[in-house]
Amino acid sequence: MKSQNRGQIRIIEAFLAALIIFSSFAVSSNLSVRQNVKKSEDLASIGLQTLVKLDSDGSLGKYIDCGNWTALRDALSIVLPAGICFNLTVYNDQMHQVNTAVISNGGFGSQQIAFVQYICASQSMVFRCYIIHLHLAVAT
Amino acid sequence: MKKRQRKFRAKSSGQLLIVAALAIAILISSTTIYVYELSKEANSEDVSSISNFVLALKQSTRNAMISSLANVSNGGEKNVLAANLNRLSQVFRSINNLGFCQLAFTPLSDSNYDSGTWLSWNISDMGVSSAYANFTLEVYGMAMNVTLNYAVNVTSTITINGYYTRLSGDEKLVNLTCNVYNEGKPALAKNMTFFYEGLGSWVPVDPSNDLSIMDYGNGTYHISFTVSTSSNVLQVSARIYDVRDIFIQANTTCYET
């Protein structure tokens, strides 16, 4: 009976040890995923604020109205913090692509890619609405 | 001795169970706290994304108002404002990824504003081009519902005053001071043209009138030009486009000093 008890205790100990190890694995992996999501959301917030900043004086709409994609790329490069890669696509309100050139500052090496969708209403006399898709990543 | 050891082991097996139960309890409670903290974090992120969305939406509605006012002040129909805001509202409804989004608007109509726009170009020394609308934003998302009321006011104003000094005969040197404002704050002009009243009609001021415009860079402009007219009271009209392409006109009467 006593030797049987001893065996049961060993099983319980082993079970507990396994439980503790696996739960620590589960918690730590969950934490790292959460941090990645948070970084991605921070990046999206930076992207949105950049677009709002460019749009505050109507520059964003003017670049798109004029099809000045080089100026738009340069403006994004200046306003976005250093070390962030971007790729921007402009659609009209019918979701047809407007930009005829790639608006990007390089390849995406990072696994964390943030996505921002922004509606740009131009300030020009002829009202136009653009839907902007901005992809952002931290340069590696 | 061996008996004592066995007894001790038998006793400690019960203690081990208690310790194990305690460990499991701590594990469960810490996991619960962790999940609770995560859910709190998720809520704050939802608030952040909603506030970012509202910021972007306000910017877009403001741009739509500027576009509409530029159109109306350049001779467009007054219903352009409602048409443009309707179009913007439809775009927001169709693509918003936070949930169902409804943007309702009411252009201001009162003693000054008609269908949300007000063009006051006949008051002496001052001209106003303005658009005003109230907005109600309703977002029904997975995480939260938001209802927000806000107003957008886009107003371009110019003030003008001046005098003239007689040079010789009917020739007069006109000096004007013009101030440009956007929403009450000093702003820059993109284009300025001036007219004076001669023989019952508006005559444009051009380089042949020695036109000089001094831009102080703070929304203040000093203008001088010469005219040849026999009238002792000189009517001058300023027609200005601000940097947002909104047209404003103002008239002033100049007397001899």
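Predicted model: local features only at pLDDT ≥ 70, side-chain atom pairs only at ≥ 80, totals over all residues.
In the largest nonpolar core, which has 34 residues, the members that touch the most others are A:Ile119, B:Phe53, B:Met65, B:Leu85, B:Leu88, B:Phe135 and B:Leu137. A nonpolar core here is a set of buried Ala, Val, Leu, Ile, Met, Phe, Trp, Tyr and Cys residues joined through side-chain atoms within 4.5 Å; buried means under 20% relative accessible area, exposed over 50%, and partly exposed in between, with a 1.4 Å probe and protein chains only.

Several elements each supply at least two residues of this core, including strands E3 (113-121) and E4 (129-138) of chain A and helices H1 (2-73) and H2 (80-95) of chain B. The largest share, 9 residues, comes from H1(B). Helices (H or I, at least four residues) and strands (E, at least two) are DSSP runs, numbered from the N terminus. Apart from this core lies another, of 27 residues, with A:Ile103 and A:Tyr130 among them.

Residues are numbered from 1 along each chain as its sequence is written, chains are lettered from A and ligands numbered from 1 in the order in which they are written, and side-chain values use heavy atoms, with hydrogens and water left out.

A search of the whole structure finds 8 of them over all chains. In one, the closest N and O atoms of B:Arg87 and A:Asp93 are 3.1 Å apart. B:Arg87 lies in helix H2 of chain B and A:Asp93 in a loop of chain A, so the pair joins two chains.

Which residues does the salt-bridge network join? B:Arg62, B:Glu183, B:Asp242 and B:Arg244 are linked through shared partners. B:Glu183 and B:Arg244 approach to 3.0 Å between their closest N and O atoms, although they are 61 residues apart. B:Arg244 also forms a salt bridge with B:Asp242, at 3.6 Å, and both of these residues are buried.

Notes
Salt bridge = Lys/Arg side-chain N within 4 Å of Asp/Glu carboxyl O.
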